Amino acid sequence: MSAEKNTPVPLLPAGLAIEDVDFAKTGGLVPGVVQHALTRQVLMVGFLDEEALRTTLSTGLATFHSRSRGQTWTKGETSGHTLQVGVVEVDCDRDTVLLHAVPAGPTCHTGDQTCFGPQARPGSFLHELAEIVRSRQEERPEGSYTTTLFDSGVRRIAQKVGEEAVEVALAAVDEDDQALLGESVDLIYHLLVLLRSRGLGIDEVEQVLRRRHG
């Protein structure tokens with residue numbers, strides 16, 4: 001995907017403290033796993049000392065300790081491919097942190113989206129598609145069908161969702177599995193556009209699902 005510099009991420013938890021992490025157990029350095037805040041794909045693993053974690057929490061940019069250079073560094077400080085951190089979590093043993101972040105460009109110095117290479121398990125494409133829809137709404141590129149939909153307004157988009165829902169129902173009754181999957185994809189895409197036209201997204205849908213499940 002393209003850089004996501006303008007993508008909002010959740011605020012850092014106010015209650016998180018340096019003391020929540022047991023640096024002494026691991027000799028002053030703890031692993032920091034970076035996960036894409038939207039797609040859930042693992043992007044990279046680095047090491048943090050107290051200074052690096054403190055900087056991460058205060059600036060919102062993923063900062064690590066370089067073992068080879070013996071100094072703190074912020075991801076993207078030279079390339080511009082920063083990692084905007086939204087949430088930091090500590091594991092049950094208090095010796096590993098998980099950073100939920102949105103990348104501004106590729107995370108790996110090789111140009112790959114993740115440091116685990118192009119063969120790595122991808123994140124949620126549904127979230128990626130939602131991000132593409134969001135960017136279309138903001139940028140309105142000419143010749144884009146998504147742009148045409150946004151320009152047509154909420155009523156027309158809602159009409160398209162209704163039409164696609166009928167197509168899904170008909171395919172379920174009268175057509176094969178591939179036809180049903182194809183119509184389902186069309187419905188999901190148009191639903192994402194409708195949600196975005198109302199200022200909503202897949203995250204809000206997941207929140208409602210979780211509340212209902214709980």
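Aspartate 151 counts as exposed at 53% relative accessibility, where exposed means over 50% relative accessible area, buried under 20% and partly exposed in between (1.4 Å probe, protein chains only). This is a predicted model, in which local features need pLDDT of at least 70 and side-chain atom pairs count only at pLDDT 80 or more, while totals for chains, interfaces and linings use all residues. Residues are numbered from 1 along each chain as its sequence is written, and side-chain values use heavy atoms, with hydrogens and water left out. Helices (H or I, at least four residues) and strands (E, at least two) are DSSP runs, numbered from the N terminus.

**Salt bridges**

- The structure holds eight salt bridges, each being a side-chain nitrogen of Lys or Arg within 4 Å of a carboxyl oxygen of Asp or Glu.
- Aspartate 151 forms one of them with arginine 140, with 2.5 Å between the closest N and O atoms.
- This pair links distant parts of the chain, eleven residues apart: aspartate 151 is in helix 3, and arginine 140 is in the loop between helix 2 and helix 3.
- Arginine 140 is partly exposed, at a relative accessible area of 34%.
- Glutamate 131 and arginine 134 form a salt bridge whose closest N and O atoms are 3.0 Å apart; both residues lie in helix 2, three residues apart, about one turn of the helix.
- Glutamate 131 is buried at 9%, and arginine 134 is buried at 10%.
- Glutamate 50 and arginine 54 meet through their side chains at 3.7 Å, N to O.
- Because glutamate 50 and arginine 54 are four residues apart in helix 1 (residues 50-59), about one helical turn separates them.
- Glutamate 50 is partly exposed at 39%, and arginine 54 is partly exposed at 46%.
- A network of salt bridges links Arg156, Lys160, Glu163 and Glu164.

**Helix 5**

- Helix 5 (residues 177-197) has 21 residues and reaches 30 Å from its first C-alpha to its last. That is close to the 30 Å expected at 1.5 Å a residue, the expected span being 1.5 Å times one less than the number of residues.
- Its N-terminal end is capped by aspartate 176, which has a side-chain oxygen 3.4 Å from the backbone nitrogen of glutamine 178.
- The buried residues of helix 5 include Ala179, Glu183, Tyr189 and His190.
- Helix 2 (125-139), helix 3 (145-152), helix 4 (154-174) and helix 6 (202-213) are among the elements that cover the buried residues of helix 5.

**Strands 1 and 2**

- Strand 1 (residues 30-36) and strand 2 (residues 42-48) run antiparallel and are joined by six bridges; two strands pair if DSSP finds at least two bridges between them.
- Glutamine 35 has valine 42, in strand 2, as its bridge partner.
- The hairpin of strand 1 and strand 2 has five residues between the strands, and arginine 40 takes a positive phi near 70° there.

- Threonine 74 is in strand 4 (residues 71-74) and is buried at 19%.
- Leaving aside neighbours within four places in sequence, threonine 74 is in contact (heavy atoms within 4.5 Å) with Leu61, Ala62 and Thr63.
- The side chains of threonine 74 and threonine 63 make a polar contact at 3.0 Å. Such a contact is a pair of N or O atoms within 3.5 Å; within protein, one must be able to donate a hydrogen and the other to accept it, and residues adjacent in sequence count only if both atoms are side-chain atoms.
- Glutamate 142 and threonine 63 are 79 residues apart along the chain, with 38 Å between their C-alpha atoms.
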